[in-house]
Amino acid sequence: MRNLWFRGTGFLTLLLFLLLPPILIGQAWTLRWTLLTLFLFVAALAYRFRLFWVRYPLLALSIGYFGFYEGSCLCETGALESLMVFLGLGRFSALLLPLIRVLLLLVVVFFFGNLFCGWVCQKGGVQEFLYRERWGLKLPVRVVFFLERIRYLVLAGLIVLPLLFHRRFFREVDPFRLLFNLDGPLFLLLILLTFLLLSLFVYRPFCRFFCPLGALLGLVHRFSPGRIRVDHETCRADQACTKECFSQALHTLKAGEPPELNTQNCYLCGQCSSRCPKGCIGRKG
Ligand code: SF4
Ligand code: SF4
């Protein structure tokens, strides 16, 4: 009953996501906004019914439309930066749209888990499709912990710099803008090529170690009732799930112990729950 209530409230939030900006701001009901809501809606339904294969067509469509067609428009990082710029300038009347964009995405992630990063984001999609499992490198867990901190620093910069200097910075250093617009300076091209090359061996390096939006959504995901959980009572510690978790969200610090989960880097791909022979891992909320 409680789960039903949560899911119902989550789907109502998605409806709000669709309707609120046109109602409150009088802005045209843009195709971009409608598609984002639709993608999140499909992702939430597919995840609910364990149709994990739907993730790939959704990501491919997102790369095509939000990425190449709209020039990487689906970047809520920009909304967060705009919010801080307007706050810094004291232009409170302009706050509403970016505030709604950021807040509702956070609310959706709270109810359903981080389906945005795992199932919808075009930048994550590019890295996902490039990753080659047979060449995959699993980094030492402590190195992963260390590298993950970088994105929290980037997030702090994303909040503080626009507030102080009243302009957006991230778009100037976002390598994926260059990829989707086929235009940008040489240094960005070099950064982009580095990330694309790395993505062949390391699962989603930009998402896991550099993306400020991923950092923010990961923090919310940590408290989501829709997050993955491991039942340590029934777990046989055979590591079937950790081998399948490319993002290393599932990891073991000591051999023979049940896996730990770093929820912030879980993309709800469902690989772990599909592989656990005892069914002791999955979404409980
Ligand atoms: S971490 Fe950033 S780039 Fe990666 S999927 Fe999430 S929002 Fe997109
Ligand atoms: S394998 Fe499991 S823990 Fe790892 S990212 Fe996918 S859903 Fe999350």
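Biologist: On what terms is the model to be read, and from which number are residues counted?
Modeller: This is a predicted model, in which local features need pLDDT of at least 70, side-chain atom pairs count only at pLDDT 80 or more, and totals for chains, interfaces and linings use all residues. Chains are lettered from A and ligands numbered from 1 in the order in which they are written, while residues are numbered along each chain as its sequence is written, from 1.

Biologist: How many helices and strands are there in the protein?
Modeller: Helices (H or I, at least four residues) and strands (E, at least two) are DSSP runs, numbered from the N terminus. On that basis the protein has 15 helices and four strands.

Biologist: What is the radius of gyration of the protein?
Modeller: The radius is taken over C-alpha atoms, and the globule rule is 2.2 Å times the number of residues to the power 0.38. For 285 residues the rule gives 19 Å, and the protein is close to this, so it is as compact as a globular protein of that length. The radius of gyration is 19 Å.

Biologist: What share of the residues is buried?
Modeller: A residue is buried if 20 or more other C-beta atoms, placed from the backbone, lie within 10 Å of its own, exposed if 12 or fewer, and partly exposed in between. Of the 285 residues, the buried share is 38%.

Biologist: With which residues is Ala43 in contact, leaving aside its neighbours within four places in sequence?
Modeller: Two residues are in contact if their C-beta atoms, placed from the backbone, lie within 7 Å. For Ala43, the partners are Leu58, Leu115, Trp119 and Val120.

Biologist: How far apart do the C-alpha centres of domain 1 and domain 2 lie?
Modeller: The bounds, which come from an automatic or database domain assignment, are 2-221 for domain 1 and 228-283 for domain 2. The contact between them takes 22 residues from domain 1 and 14 residues from domain 2. Their C-alpha centres are separated by 24 Å.

Biologist: Is Arg204 buried or exposed?
Modeller: Arg204 sits in the loop between helix H11 (186-201) and helix H12 (205-209), and has a positive phi of about 45° although it is not a glycine. Most residues other than glycine have a negative phi. Because Arg204 has 27 other C-beta atoms within 10 Å, it is buried.

Biologist: Which elements give two or more residues to the shell around ligand 1?
Modeller: A residue is near a molecule if its C-beta atom, placed from the backbone, lies within 6 Å of it. The residues around ligand 1 include Cys117, Cys121, Lys123, Cys207 and Cys211. The elements are helix H7 (122-130), H12 and helix H13 (212-221).

Biologist: Which residues come nearest to ligand 2?
Modeller: Ligand 2 has 14 residues around it. Of the 14, those that come nearest are Cys245, Cys266, Cys269, Gln271 and Cys272.
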